[in-house]
Amino acid sequence: MAVMRVNPTRMELTRLKNRLQVAVRGHKLLKDKRDEMMRRFIDLIKRNKELRERVEQKLTLAFKDFLMARAVMSSEVLEEAIMFPTRKVEIKPSIGNIMGVTVPVIEYKEVTDRELSPYPYSFAATSAELDGAIAAFSDILPLMVELAQIEKTCQMLADEIEKTRRRVNALEYVVIPQLKETIRYITMKLDENERGNRTRLMKVKDMLEKKDATI
Amino acid sequence: MMPQPSYEYGVARVRVLETRLLTRERIERMVDAESAEEALKVLSETSYAPLVAELSSPYEYDELLSKEMKRVRDFIDEISPDPAITELFFLKYDFHNLKVLLKHRYLSGQDDELPLARMGTIPVEVLKKAVEDSDSGILPPFMADVVKDIDEICVLKVDPQRIDTMLDRAMYDHIFEVCRRKRNSFALRYFQMQVDLLNLRSLLRAKRLGQGFDFLKEMLIPHGSLSVSFYSRAIEQPYEQLIKEVESTPYGKVVAEGVEDFLRGGTLTAFERLMDDYLLSYVRSVRYNPFGIEAIVGYLLAKENEIKLIRIIMVGKINNLPAEKIRERLRDVYV
Amino acid sequence: MELGQIFAVLGAAASTTETGLSLGQIYAILGAATAVVLAGLGSVFGVAIAGQSAAGVVTEDPDKFGQVLLLQALPGTQGIYGLLIGFIIMNKLNIFGGMIDISTETGLLLFVSALPIAIVGLISAIYQGRTSAACIGIIAKRPEELGKAITFPVVVETYAVLALLASFLMVNGIPV
């Protein structure tokens with residue numbers, strides 16, 4: 001472990017000791033944060049997985065229905081039937097916070113005019129297979145919005161966890177050992193100096209005593 | 001103007017063409033084909049050969065079908081001894097175009113590719129001009145009136161479903177008016193059965209979606225043989241009661257089988273197939289009149305049916321649907 | 001050629017009326033003309049109806065020309081029958097070699113005996129034309145069933161033949 005290039009002075013030692021203390025405390029805090037974020041992340045990812053599976057399953061079914069409608073109706077009639085949607089949704093994005101991580105919060109609100117039928121076409125000209133597809137798709141939309149929110153949150157959380165983990169590791173395996181090493185080095189250097197000084201003093205004292213004796 | 005071709009001439013031409021319709025056996029071979037390409041290959045052994053040759057990939061099947069339909073439309077125009085009747089069968093394209101144009105106008109969307117059909121009795125450009133410039137004077141009265149009515153209603157609130165249902169009704173009003181005026185009992189009977197079956201389907205669809213009579217009554221088309229009070233009762237009643245009630249009508253079997261399948265599988269696929277089959281079998285049963293419009297209309301409907309069949313098969317093949325999924329939607333063939 | 005002659009004869013008959021043709025002769029000639037005209041008209045309608053059907057088939061499938069032509073020609077026979085009766089009457093009158101005089105009663109009789117083929121020929125030819133048109137539909141679908149397709153119009157033909165027979169016997173039986 002490399003030793004920092006510092007002047008082995010007492011002042012530096014005090015400074016480094018302070019830094020070490022901060023680093024150790026920071027390390028502990030970050031570790032706690034990491035663990036808590038992991039816990040939240042795992043919860044979210046479980047929800048995400050479950051939601052994704054549900055959406056995918058429903059989408060598959062909806063697409064199947066739609067495909068059938070597509071098969072029995074000509075493309076022009078199908079397009080006409082769905083060209084004017086009656087269902088409207090409002091999506092309001094805002095910012096949430098999980099453990100200091102800014103995450104998206106998407107508010108889903110249906111603002112459909114209740115008087116309008118959810119089926120924007122007449123039954124006489126369209127196939128019954130279309131009803132199922134339309135119903136399935138409109139069921140899926142809120143789920144999809146929620147899924148988008150959770151998935152993005154998971155992504156951002158994962159990023160943050162990764163960053164925190166790297167910081168923890170850096171503190172644990174680089175900064176703290178380095179600081180400790182440097183402190184040891186300075187202490188040793190200072191001790192060495194102390195010892196040298198003492199020897200020098202003793203030598204001087206000896207020399208002075210000898211001089212006194214000879215006089 | 002060219003003199004109108006006679007019934008004899010038209011019927012005889014149609015008789016020859018009937019032999020070139022796809023047979024059950026060919027349809028089965030298409031269903032059993034490994035891929036969309038294979039299915040097209042089967043099609044290329046039929047009268048569709050020149051059209052298939054023009055295709056660069058099976059995904060363009062829609063183009064093939066609309067070309068073929070256009071060809072049939074021109075053919076009917078050419079041989080129809082009574083265009084007033086045969087045109088009734090193309091009115092749906094005009095009304096489809098009106099729906100598209102009106103919805104487009106109320107959406108005030110950008111001018112992208114509109115799903116317009118080019119097979120109507122009135123050129124698309126005329127309809128476009130009429131709707132865009134609110135100049136309904138250039139339309140025939142029965143269209144102009146409904147467009148005006150829709151405009152009046154949509155000033156307050158635009159309801160796309162309302163646009164569709166009003167246009168549907170106007171179309172059938174006109175169809176029945178013409179049938180009665182021309183005293184064509186065949187066309188009258190055909191459209192009456194069509195309306196009845198469509199109404200029955202609307203009833204089942206409304207029931208399935210859990211909607212009440214208020215919803216259903218917007219969808220019903222007048223001129224059918226079943227009364228409005230029947231529908232208002234039927235929407236509340238259980239399915240068994242409904243089956244019993246239509247038992248004595250000509251649609252007893254269609255409803256019984258269709259509803260049975262619906263209760264089993266939850267889809268109206270079978271009902272739709274049965275109702276198409278029913279209409280086609282009616283036309284098939286009267287097509288032997290050599291001096292009437294029946295055979296000519298029959299050919300037109302057979303062709304529409306055939307195109308529907310090909311579309312079902314091609315959509316199925318392109319999306320790798322299992323053969324039985326395709327088969328449960330396959331309608332009868334005419335010949 | 002025959003038609004031309006008939007018209008010539010009719011024209012001649014008309015012109016000689018003023019020059020003292022008997023009423024019997026006029027009736028007889030009227031009978032001959034009725035047989036030829038009505039039965040001929042019937043055939044014209046019949047052949048035209050069947051012909052339109054035939055044209056329809058040939059438009060789509062020119063190979064069937066021979067078969068549909070046969071069916072189209074069937075309603076043409078009534079015209080020939082009419083002409084035949086007309087001819088016999090004319091022969092009785094010895095129209096080509098200076099007319100013989102006949103009584104009014106004989107003339108009327110000849111006129112009446114021409115009626116079966118005239119009326120039945122007219123109507124049967126039209127209906128046979130329609131039947132032929134319908135049967136051309138069979139040819140359109142199953143060219144191998146020509147025999148069966150011909151049978152139906154031929155049944156109609158029977159009654160034209162019967163009328164011909166009646167007219168023929170009557171005309172023959174009338175002594176001049």
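Me: Are Lys303(B) and Glu68(B) buried or exposed?

Reply: Burial is read from relative accessible area, where under 20% counts as buried, over 50% as exposed and anything in between as partly exposed, using a 1.4 Å probe and the protein chains only. By that scale both Lys303(B) and Glu68(B) are buried. Before going further, note that this is a predicted model, in which local features need pLDDT of at least 70 and side-chain atom pairs count only at pLDDT 80 or more, while totals for chains, interfaces and linings use all residues. Residues are numbered from 1 along each chain as its sequence is written, chains are lettered from A and ligands numbered from 1 in the order in which they are written, and side-chain values use heavy atoms, with hydrogens and water left out.

Me: Which salt bridge does Lys303(B) form, and which parts of chain B does the pair tie together?

Reply: A salt bridge requires a side-chain nitrogen of Lys or Arg within 4 Å of a carboxyl oxygen of Asp or Glu. Lys303(B) pairs in this way with Glu68(B), and their closest N and O atoms are 3.0 Å apart. Helices are DSSP runs of H or I with at least four residues, strands are runs of E with at least two, and both are numbered from the N terminus.

Me: Where in chain B do Asp332(B) and Arg24(B) lie?

Reply: The side chains of Asp332(B) and Arg24(B) meet in a salt bridge with an N to O distance of 3.8 Å. Asp332(B) lies in the segment after α18 (323-327) and Arg24(B) in helix α2 (residues 24-32), so the pair ties together parts of chain B that are 308 residues apart in sequence. Asp332(B) is partly exposed, at 33% relative accessibility, and Arg24(B), with 30%, is partly exposed too. Another pair to examine is Arg311(B) and Asp62(B), whose side chains meet in a salt bridge at 3.8 Å, N to O. Here Arg311(B) belongs to helix α17 (residues 294-318) and Asp62(B) to helix α5 (residues 61-79), which lie 249 residues apart in the chain. Arg311(B), at 8% relative accessibility, counts as buried. Over all chains, the structure holds 60 salt bridges.

Me: How many residues of chain A are in contact with chain B?

Reply: Contact means heavy atoms within 4.5 Å, and by this rule 34 residues of chain A touch 43 residues of chain B. Of the two pairs of chains that touch, A and B have the most contacts. Buried area, the accessible area (1.4 Å probe) that two parts lose on being put together, summed over both, is about 3400 Å² between chain A and chain B, with carbon and sulfur atoms giving 61%. On the side of chain A, Met83(A), Phe84(A) and Phe123(A) lose the most area to chain B, together 21% of what that side buries. Four salt bridges cross this interface, and one salt bridge joins Glu80(A) to Lys103(B) at 2.8 Å, N to O.

Me: How many residues of chain C are in contact with chain B?

Reply: Here 15 residues of chain C are in contact with 15 residues of chain B. The area buried between chain C and chain B is about 1300 Å², 63% of it on carbon and sulfur atoms. Gln52(C), Glu60(C) and Lys141(C) supply 44% of the area that chain C buries against chain B, more than any other three residues. Three salt bridges cross between chain C and chain B, and Lys141(C) forms a salt bridge with Glu18(B), with the closest N and O atoms 2.4 Å apart. The elements giving two or more residues to this side of chain C are α2 (23-60) and α5 (104-141), and α2(C) gives the most, with eight residues. Chain A and chain C, by comparison, share no contact, and their closest C-alpha atoms lie 29 Å apart.

Me: How many helices and strands are there in chain C?

Reply: Chain C has six helices and zero strands, and 45% of its 176 residues are buried. Among its contacts between residues at least 6 apart in sequence, 83% join residues at least 24 apart.
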